[in-house]
Amino acid sequence: NLILAIETSCDETSAAVIKDGKEICSNIVASQIKSHMRFGGVVPEIASRHHVEQITQCIEEAMKEANVTYEGLSGVAVTEGPGLVGALLIGVNAAKAIAFAHQLPLIPVNHMAGHIYANRLIEPLTFPLLALVVSGGHTELVYMEKDGDYQIIGETRDDASGEAYDKVGRVLGLTYPGGKRIDEMAKMGSDTFHFPRGMIKENNYDFSFSGLKSAFINTVHNAEQKGETLNQFDLAASFQASVIDVLVSKTLKAIREYPVKQLVLAGGVAANHGLRAELTNRMNQEFPSIRLSIPPLSLCGDNAAMIGAAAYVEFNSGNFSGYDLNAKPGLSFEMMK
Ligand code: ATP
Ligand code: MG
Ligand code: FE
């Protein structure tokens, strides 16, 4: 089985060829970050235009690097949502055109399922599993009894974790997206501010990062008004400590209460060094028999390889789409049932 996968949900144009849902034959990622940086966030119109410019070359490169022909493909997969509608449409239309021209099955894929299945590109998945999905637009705990089964047992009530990182980064004057830089700065500071840990004691699996964000902003503004300068590294470390504390606490709580055989970390924030280290430590201490899977940095951010991995599951279930496939900007796991 060889699937050509296309991802254009946000600001990465990507195409990949995946063998049997687990082997990367190619994974071409063209990032647009530089074009959005000066605006302090992703500008949807600019994203769409870049996707149009990049998509054909990405696909050609992915096919060439994988050394396959269109006749040799089993299907064409594409992210149908969630994401920016104009960005998604570029990928959806490219996938439709290829599927039609070469009479291949068209496989629609949920971007968040892709983030989770990035882990199958590293090692086999053992069910039931728990996924801690942390990205720019999502923060959720997903319980899966089998392939393609997604039960959201908890999610953020306000900001996503990546979003909180980026907003706090902005307050510190960092270029967008600030997540990675705050992670680096956190290594050089310590948790001296003791920011609140949102919802950490509540008896559920939900998250909230807006209180932390406000506490951070107030601390910085109060200091500015008094003409004081705060240690930026300690600020970053304190923010990161709160985020990690909450994410890891709620994840371990879920592992205690669900018959989980494997824990997988997923999404752009899975690249966070502090989170990777803390999750690894706590799992080794408290659940040494439960396998922990963390994607390599190259598979944490958006890429088409993960879409190809998730598409293989849909392919095996015969979940194909007609040429009327549309972008679904607000797609959620709940809508897939
Ligand atoms: P979604 O997947 O929810 O649709 P998205 O695709 O825009 O959103 P991703 O590409 O999965 O999001 O992740 C991007 C986010 O990850 C950004 O918010 C970015 O700041 C954050 N991020 C990347 N590296 C790190 C890091 N090392 N530490 C913290 N956050 C990080
Ligand atoms: Mg991105
Ligand atoms: Fe993403």
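1. Asp302 touches Glu7, Ser9, Cys10, Glu12 and Ser14, leaving aside residues up to four places away in sequence; contact requires C-beta atoms, placed from the backbone, within 7 Å of each other. The model is predicted: local features need pLDDT of at least 70, side-chain atom pairs count only at pLDDT 80 or more, and totals for chains, interfaces and linings use all residues. Residues are numbered from 1 along each chain as its sequence is written, while chains are lettered from A and ligands numbered from 1 in the order in which they are written.

2. Asp302 is located in the loop between strand E10 (291–293) and helix H10 (304–317). Asp302 counts as buried because it has 27 C-beta neighbours inside 10 Å (buried: 20 or more; exposed: 12 or fewer; partly exposed: in between).

3. An unreviewed UniProt entry places the feature "binding site" at His111, His115 and Asp302. These positions are spread over 192 residues of sequence, yet they cluster in space, with a largest C-alpha distance of 8.6 Å.

4. His111 belongs to helix H4 (residues 111–117). His111 is also buried, with 25 other C-beta atoms within 10 Å. Its contacts, again not counting residues up to four places away in sequence, are Ser9, Thr79, Gly81, Pro82 and Gly83.

5. Ligand 1 is surrounded by 23 residues, the closest being Gly136, Gly137, Gly162, Gly179 and Gly268; a residue qualifies if its C-beta atom, placed from the backbone, lies within 6 Å of the molecule. H4, helix H5 (161–171) and helix H6 (179–186) each contribute at least two residues to this shell.

Terms used
UniProt positions are given in the numbering used here, feature names are shortened, and annotations may be inferred rather than shown by experiment. Helices (H or I, at least four residues) and strands (E, at least two) are DSSP runs, numbered from the N terminus. Two residues are in contact if their C-beta atoms, placed from the backbone, lie within 7 Å.
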